[in-house]
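Work through the exercises below with the model open. Try each task before reading its solution.

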Amino acid sequence: MAEHRDVHIHVPVLTRVEGEGALELDLVDGSIERLNLRIFEPPRLFEKFVEGYERNQVIDMVARICGICPVAYQMSAVQAFERLSGFTPDPWVRDMRRVMYCGEWLQSHALHVHLLAAPDFLGFDSAIAMAGDYPEAVRRGLELQNLGNDLIALFGGRSVHPVGVRVGGFYRAPDVSDVSGILQRLEQALPKAEALVNWTASLAFPDDEQSFISVALSDPDCYAIAEGQLISGQGLDIDICYFESHFKEVQSPHSTALHAELDGRPYLTGPLARLNLNLHQLPAPVRRVMEGCGIHFPSHNMFHSIVARAIETYFAISEAIRLLEHYQVPDQPYQEVKPVEGNAFGCTEAPRGILWHRYDVDDQGIVRYARIVPPTSQNQARIEEDLSQSLQKLGFNQSDEALRLRAEQVIRNYDPCISCATHFLKLKVRRG
Amino acid sequence: MQSEKPKLAVHKFSSCDGCQLALLNLGEPLLQLPDLVEIVHFAEAGPNAPDTPVDIALVEGSVSTPEDVERIQKVRAQSKLLVTIGACATAGGIQALANFTDRQNWMHAVYPNPEWIDVLSCSEPIARYVKIDFAIQGCPVTSKQVVSALRDLLSGITPRPEVQPVCMECKRKGLVCTLVSQGTPCMGPVTLAGCGALCPATGRGCYGCFGPAERVNDPALAERFQALGLERDAVERRFRFIMNSAPAFLEASERLQGDSDG
């Protein structure tokens, strides 16, 4: 029974992830011969076709890279253009961008926790199927997701590819009456988000501590979202403009997503990395919820990511409340920002982790070169490393079905933005 | 009884996933959807049976690899009705901008080893390869559009496509014209309605993400934009944008380019 088998697992379509991906795993003589997370989202070459467009057009274009996190793309781009011009947005603009970003964290985390990840833990194919046995949990998820969407739409008119962000601020400031309506809903949602934290913390987690490097933005004033320095758990602390000298992207034959490494090593970015590095900056009530949930942070168990997402959901709601509580319509929602020629750098915390942009802009404000490094390609090397450790720990003597389920669950911990969902591993086994 | 319900599939091609969110963002009604239809394939939501015959297939994304071509033909063969959702499926999407240039050169610029990736030289709309039964416009489409089209199709009615420009929505909403009153270059006069005049309501000009309206007088609008101080290439960029390869916008940008070449 303890004999080694040759196992070949090929998952042609990963479901309940955003985008397209597949997993190939070949075990020979009890060790991994090949482990590839294939991402086959056809290349859309965004970095090339933003060339020749104006700054504000580029903000609308890069949103189209991801329907789940368009705000993140817009925020990294606008930050890059404003930094290049030496422009610091006024406190109103900064606060409201943070609120809009909270909306995106809220909708994306709620979508992931309820519709994509929770069915794994509870043994369902999809949230729609899960709704039969856990109607309240699924409803709560949909409600939080909707609230996040509405918070984005408050500033951008719609939640997917919103139209509100421009260089210098926003095109329009929301009305006081719209803000007070949403404020009321945020306050009602807070206890639900607290229940969500405890609910995720009560799930059964595999014991799977791993050593990995966390990377996140760090803001001296707050839990970083829309700006900050790049830091790691190993002492990295750099301005975002030095990203390219520390982080390298490499291409592998099995994926259209480039793999990123920090000084030659895989690293983690996203909710668990943020919480590990910045939890001391969470507001006191959020820390109390975190500390009372029964899971200890910082954590090096990737399965705790779902709890980290729930804690950030609670944080996003409380932060939006704090910033909207004394909302006033400003005299001007934006200021004109003259274009400056040079290299523009922007980096923000997308729901899935750091999203780094570089634009080379001419003196007319036309983009001449772009480089965009999304969180999923940064996490890909770490996912592959995690899979090999996690499956090894589970034991290759486990059934193919058990290996498949564990592999799916590991991948989904990272909420990879490659577009799929439930039982995505279709197993092909060849035994030697 | 389940087997008697009409079957629905949601297929993804090259896209940002934003149009599928029209369903995933439905909220509570998402849970009622299974009362109306049996969702047999919707990989992002869980169900994964791409080869099951269905009554209605919603297709997101553009065709951009040789594998996509085979897949869309299979989808067509097993679907009674095929409905494209969004700019990518309907007009090639923003990534059709790659069609204007040498895509292989771009591949070299973005990937060190482009030979590992198999792509067509163009990003094409679904209708370029198979017959489609209905197209829902928008980048992204709205939940309202998708649900109302599904309702019509399930009741055996052909949905009525939108034909009017965004200007009509501004009028209905009582919005002051951004083009006339503020001199903002607004694509509303040539762009299909359906968004609810989102950009003018947000204090900016429409940027054409729902694609061309039924009648497009692009020379008149281009002239107006130039009178507002836009250079010819800036006008061209406004047509060659999210819906760059929709025929009326494509012709408009080519006309502008022809003007500047001559």
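**Exercise 1. Follow the hairpin strands**

Task: find the residue opposite L230(A) in strand 9 of chain A.

Solution. L230(A) faces I238(A) in strand 9 of chain A. Strand 9 covers residues 237–238 and runs antiparallel to strand 8 of chain A, with 2 bridges joining them. Strands pair if DSSP finds at least two bridges between them. Strands here are DSSP E runs of at least two residues, and helices are H or I runs of at least four, numbered from the N terminus. The hairpin of strands 8 and 9 of chain A has 4 residues between the strands, and G235(A) takes a positive phi near 100° there.

Now take the other partner. Strand 7 (residues 215–218) and strand 8 (residues 229–232) of chain A are antiparallel and share 4 bridges. S218(A) has Q229(A) in strand 8 of chain A as its bridge partner.

The model is predicted: local features need pLDDT of at least 70, side-chain atom pairs count only at pLDDT 80 or more, and totals for chains, interfaces and linings use all residues. Residues are numbered from 1 along each chain as its sequence is written, chains are lettered from A and ligands numbered from 1 in the order written, and side-chain values use heavy atoms, leaving out hydrogens and water.

**Exercise 2. Describe a helix pair**

Task: at what angle do helix 4 and helix 11 of chain A pack?

Solution. Helix 4 (residues 91–122) and helix 11 (residues 305–324) of chain A pack at about 155°, with axes 8 Å apart. That makes helix 4 of chain A roughly antiparallel to helix 11 of chain A (angles over 145 degrees). Angles run from 0 to 180 degrees between N-to-C directions, with axes fitted to C-alpha atoms over the stretch in contact.

Finish with one residue of helix 11 of chain A, I317(A). I317(A) is buried, at 0% relative accessible area (buried means under 20%, with a 1.4 Å probe and protein chains only). Beyond four places in sequence, I317(A) touches residues including L106(A), L144(A) and L186(A).

Key:
Parallel < 35°, antiparallel > 145°, perpendicular 65-115°, else oblique. Buried < 20%, exposed > 50% of the residue type's maximum accessible area, 1.4 Å probe, protein only. Contact = heavy atoms within 4.5 Å.
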